[in-house]
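Have a look at the sequence and the model first, then read on.

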Amino acid sequence: MADYHTVEKRIKLWTPLWKSKSLPRCKELLWRACNDVLPVRAALAHRGIVEDAICPLCGEECETVNHAFFACTEVAPIWFSSPLSLDFRNVPPSFSLKQWLSQVLKEGDEWFIDSVLTLLWAIWERRNRWCFDQQWYPYDFVLRRAASMATVSLLAMDNEATRTDQLRDGRRDRWRAPQPGTIKINVDAAVPAGSVMGYGYIARNSLGQVLATAASKWPMATSVALAEAMALRWALQLSLELGFFNVEVELDSKLVIDSWRNHQQQASYLALVISDSVFISQSFYRFSIAHVLRASNMAADFLAKFALSSYCFVGIEEYPVGLETVLSSYLVSS
Ligand SMILES: [Zn+2]
C-alpha cells in the first residue's frame, strides 16, 4: 500500500508532465512507459502472451522498456543524432528509465521535456511500424517525425510569448530584441513582376547588434508564399553555416507559418520546401519560428529589395549603406 508521502511524491513527479505543452499522446506514452503498461516483449512474455522476449529491432536482447527506448543498438543512435545529442550507447544495466525521466521532468526546461517526449513517441512509433507493418523507418525519418511534433509545441509557446509581449507594450509594429544567448533572424522575400526574386536576411543579438546580413537573388518567378518559403529555407541553411545555433526566426508571411504547422497534410511544392525547412531546423540546438507584422520585418525587406536592385552578398557584422535608416527607425520607436 502506498502511504500518503509516496502518493504525494508521485503527484509531484507527474505535475510537470501534465502541465507541459507537449502533445497528449506523447505525455501518455511516457506515463505508460514509466508505469510498466507498455506491451514490450519482455512484459508480454512475462504474462505468457508471447514466448519470445527478444527485441524485434536488433534481435539480440530482451525487449524491456529500457531496451526499447534507449539501450537497443537500433535506438541509441537516434538519441545521439538528435538535437539533444544524448549518448545512451553504453548505459549501465542499473540505468532506469523512470529515474532518468523523473529527473528530466524535474530539471528540464519546456524545450528539453518536449524534445524527450516527442523522441520517445517517434521511437515507439517506429518500433510498432516494424512489428506490425514490416515498415523500416531510417533514423533521420524518426528524427523528422519527432521534430514535426516538437515544432508544433514550440510554435504554440512562441505565439503565446508574442501575445503576452503585445499585451504588455500594446504594439506589434516594431522589431523586438531576443533574449540574451538567442539570435533573432529576420527573413523576407521580394517578388517583383518578372522572372526574378530577392531574399533578405539579418541576424541580430539581444542588444540589437547586427551579427550578419545577406541578400540573394534567384532567377525564378513564383508566388509570394513560395518565394517566402524558399527564402526561409535559404535563411536556415545560412544561419547554420554562420554558426548560429540558438535562433528565433521571424517572417511576415502568415501562409508560410500556417504551412509550417500543416505541411504533412499538404501535397504541394510549397509544402515540400517547408518540409525541407522543418528538417533543417532540427540541426539547431534551439529553434523557434514566428509570424510578425511587415512593419517589424523592414530590415529583411530592405535587404531582399537590395538584392534585386544592387548585388548579392553575405556580410559578417556589416551591412549595406541605407540599411542604417531602417535600423535606426527601430531605435527611435523603441
Ligand atoms: Zn534491440
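Predicted model: local features only at pLDDT ≥ 70, side-chain atom pairs only at ≥ 80, totals over all residues.

1. Residues are numbered from 1 along each chain as its sequence is written.

2. Let's start with the sheet: it is open, has six strands in the order β5-β4-β1-β2-β3-β6, and its pairing is mixed. (Strands are DSSP runs of E with at least two residues, helices are runs of H or I with at least four, and both are numbered from the N terminus; two strands pair if DSSP finds at least two bridges between them.) At the edges sit β5 (286–291) and β6 (313–316), each pairing on one side only. From one strand to the next, the twist averages 15°.

3. Zooming in on one end of that order, strand β4 (residues 246–251) and β5 run parallel and are joined by six bridges. E250 has A290 in β5 as its bridge partner. Helix α9 packs on the sheet and touches β1 (183–190), β2 (197–204), β3 (210–218) and β4. The direction of α9 makes about 145° with that of β1.

4. Now, how do α9 and α11 pack? Helix α9 (residues 224–241) and helix α11 (residues 269–281) have axes 9 Å apart, at an angle of about 20°. That makes α9 roughly parallel to α11 (angles under 35 degrees count as roughly parallel, over 145 as roughly antiparallel, 65 to 115 as roughly perpendicular and the rest as oblique). Axes are lines fitted to C-alpha atoms, for helices over the stretch in contact, with angles from 0 to 180 degrees between N-to-C directions.

5. Who touches whom here? On the α9 side the contact includes L226, M230 and L236, and on the α11 side it includes L270, V273 and I280 (contact means C-beta atoms, placed from the backbone, within 7 Å). The residues of this contact of α9 with α11 divide into eleven nonpolar, three polar and two charged.

6. The other pair is helix α2 (residues 24–34) with helix α6 (residues 97–107): their axes come within 9 Å and cross at roughly 140°. α2 and α6 are therefore oblique to each other. In the contact, L30, A33 and C34 of α2 meet L97, K98 and L101 of α6. By class, that contact of α2 with α6 has five nonpolar, no polar and one charged residues.

Note on methods. Contact = placed C-beta atoms within 7 Å. Nonpolar A, V, L, I, M, F, W, Y, C, P; charged D, E, K, R; others polar.
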